[in-house]
Amino acid sequence: MKTSNRRSFSVGSISLILLGLMILDAFAISFIYLLLGDGVWQLALIISAIVLLINIIWLHPRGFPLRWMSPGLSFMILVSIFPIILTIYIAFTNYGTGHILTKEQTIELFAERTYLPDDAVIFDYTVFQNGEGAYGLWVQEGENGSHAFAGTGRFLIPGAVITEHVGQLDADGIPETVGDYQRLDRKQSLRAIAELADVEFGVGSSAVQITTQLGKAAQLRPRYLYDAVKDAIVDQETAVTYLADNKQGVFIAADGQELIPGYQVTVGLNNFNRFLNTPSFRGPLLQIFVWTFIYAGVTVLIAFSFGLAIALFFGRDMPFGRVIKSLFIIPFAIPSVLTILIWRGLLNPLTGVVSTTLAGIFNQPVGWPPVFSDPFWVKVALIGISVWLAYPYFMLINSGALQAIPQDMFEAADIDGANAWQKFRHLTLPLLLVGVGPLLIGSFIANFNAFNTIYLFNDGGPPMVGTATPAGHSDILISYVYRLAFGGSGGQDFGYASAITMIIFLVLLGFTLIQFRYMKVWEGVGENV
Amino acid sequence: MSNATVQAPGAWQLFWQSKKNRRRVALAAKLLFAIAALSITLLPIMFTVSSAFSSSQSLSSTSLIPENPTLDNFRTIVVENDFWLWLRNSLVVSTTASVLAGLMTTLTAYSFSRFRFHGRNELLLGILIIQVFPSLLTMVALFSLLQQLGQYAPFVGLNQLGGLILLYMGGALSINVWLMKGFFDSLPREIDESGMIDGASHWQIFWKLLFPLVRPIVVVIMVLTFFGTFGDWLLPRLMIQDTDKYTLMLGLQQFIANDYGNNWGAFAAGAVLGSVVQVTVFIVLQEQIVGGLTAGSVKG
């Protein structure tokens, strides 16, 4: 009998579904409306898609099997697929430090910048502040020139009558109070200078701002004007025209001078070209690529062999076997973040007990082995820690798999006179690998992405010298990408980081497909159980 | 050779001739090897436990048993720092995430196991391939996703435990769906059919007949998901700013990162407290967990 995907619905369940969908849709529509109003169209789009999908799944009779997955699928689309699509898109843009904003936002940013024209009137100023914290400026042109006062957003016309009540004047002719504004002393004014620099006093063309010259204010003019026809920004001070280069995402003058920051544009395959054709990018990437494979490969190989050796040695009739296994599971059961940090402490060349003991055994000076500063020793330590983290897992897996191997095969081999090595090489190992093989690949993938180990132990260091972007000798691909995207010192280069992400993804995809083939999942998929 | 052999040569040979005795010697050798292998494995942990109780603040002391055992380090981490708060945050996040993920995985796996529909194989494969994409690298996108969502629904925004839970939900459908589907596949269809004859709906068949049978593996998946999120520190590190919203791993990591050398004992005490539960659960459930791991499930 075949279970039917379709089913008859009772009136009750249909009304319940409709009610649920109506509530969901009502929420979704108002939310999407809000999002669109704020210009967050990407999020609005993905949420519309998810809600539409849920509606179809629950209304269409053939959507019945998908109903069970609709919560999981919704989360997967929003939190996995959507970010992945964005990441792939970013790989083809110049998104990163200096190219964060869109073109419109960048033009707005430049429109706010001002300059001090040669013919500007320079004022001496005195700072005032009212009870609400707003600043006011008393300005005076020269020794005995006209004076004026302005709070934020208030008209300022030199020489005009001041409407506020002006308090007692001091020897220089400056009042102590104007209206509810109190005069600040020199110290207070200096402390407020960063805030003052952002304030325009007065309105329109007569507004003044403080200048970089101490105690002087002036009428500043907007420096950059955008010309939509020429798609260029003109510097009012120098009369230089910066034409928009929509391929690079910058405004650039005829002499090659660029306005900083630039803006975000799609750059095609530029990010990929960088590591394909530029030695200063390709060099470190290649080195990191090779080390990632060595690190993951060697770790898995040693951990597997060590785990297998212990599992073999203990065999099936080990007394206290269960207790010993339980003890072996302990390092595996502790969150690896903690054990990596513990190893970092134990291996500290100056204070760590493991390092100081090793230095004693090998009769080396204090500070040996240099597990934080020497590329070779850092790598040795990292592989050591990773093996320590992984081999209890392989011991457990292997001892389970060994028990599953039928004993009569060994009896047959005994009759044929096979020695212990031959039995291991031709019987145990091949039979073991059938079951454990996919887990070896799985462990390789896990170590390929062992960001925590690399980052927490030594942050990928020591740093490489002479690279185009910061890179470390013990960096693996994933920690290198993290450094490119989030590492502070070299700026953030999301575009390039995403491009390298694509490489990692392809490598991992390859290994995963091999793993699937190994596990024979394809047969399982098509099988009609 | 010992003196005993010289004085009574026959005694040793007699001893060695007995098969039982020979097995005993081999066993003793095996136990010695086991102890040696175990001590290498457990040494770092023993040092950590030792320094948790030690009054000296560094890890350089070579004696495993602290001279003046003290609970000062535990006091430092628990009383003077937000250990309980961090633990509570971790428990909230991990419990919610693992229960939700376990339920969604079970529902999805049931459907894959029992229904045949257009695009089924592609969807099964798609779930796996999406999880291959290293989620670390979508952090920029995830960060701005939480930032945007938080403006409308603050409880799933940045710096919120809800936001963290939401991000873990993105990985809810993983290789565990395959694992779970395998278990459903192994349950005979006759169970469904008998329910169908009695007029049960699909939901009733799932919930009343099949779910009790797969409950053990659901528990394993939930436990592994729980400790996967419990042990994560990177996502909290990038998404959480306030110390009172820290998860335990982030709190301990930041604790040691901020003042490395001076607080080692307190960090060790925190590590011991933070690991006790997980180690106990792993030892109690070891058979099931190893089974789950062998079948391809992952510990974070």
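In the predicted model, the axes of helix H5 (residues 83-114) of chain B and H13(B) come within 7 Å of each other and cross at roughly 140 degrees. By class, the contact of H5(B) with H13(B) comprises six nonpolar and two polar residues, with no charged residue.

H13(B), which spans residues 248-258 of chain B, also packs against a helix of chain A. The partner is H11(A), formed by residues 336-346, and the two axes lie 10 Å apart at an angle of about 15 degrees. Since angles under 35 degrees count as roughly parallel, H11(A) and H13(B) are roughly parallel to each other. The crossing of H11(A) past H13(B) is left-handed. From chain A, the residues A:Val337, A:Leu338 and A:Leu341 take part in this packing, and they meet B:Met249, B:Leu252, B:Gln253 and B:Ile256 of H13(B). Six of the residues in this contact are nonpolar and one is polar, while none is charged.

The burial of H13(B) was examined next. Nine of its eleven residues are buried, so H13(B) is largely enclosed by the rest of the structure. The buried positions are B:Leu248, B:Met249, B:Leu250, B:Gly251, B:Leu252, B:Gln253, B:Gln254, B:Phe255 and B:Ile256.

At the level of the whole chain, chain B contains 15 helices and zero strands. Of its 300 residues, 53% are buried. Among contacts in chain B with a separation of 6 or more, 66% are accounted for by residues 24 or more positions apart.

The pLDDT of chain B averages 84, and 90% of the residues score at least 70. Residues 1-5 of chain B, in contrast, have a pLDDT below 50; beyond near neighbours in sequence, this stretch has one contact in the model.

Conventions: Residues are numbered from 1 along each chain as its sequence is written. Chains are lettered from A and ligands numbered from 1 in the order in which they are written. This is a predicted model: local features need pLDDT of at least 70, side-chain atom pairs count only at pLDDT 80 or more; totals for chains, interfaces and linings use all residues. Side-chain values use heavy atoms; hydrogens and water are left out. Axes are lines fitted to C-alpha atoms, for helices over the stretch in contact, and angles run from 0 to 180 degrees between N-to-C directions. Helices (H or I, at least four residues) and strands (E, at least two) are DSSP runs, numbered from the N terminus. Angles under 35 degrees count as roughly parallel, over 145 as roughly antiparallel, 65 to 115 as roughly perpendicular and the rest as oblique. A crossing is left-handed if the near helix is turned anticlockwise from the far one by less than a right angle, and right-handed if clockwise. Contact means heavy atoms within 4.5 Å. Ala, Val, Leu, Ile, Met, Phe, Trp, Tyr, Cys and Pro count as nonpolar, Asp, Glu, Lys and Arg as charged, and the others, Gly among them, as polar. pLDDT is the predictor's confidence in each residue, from 0 to 100. Buried means under 20% relative accessible area, exposed over 50%, partly exposed in between (1.4 Å probe, protein chains only).
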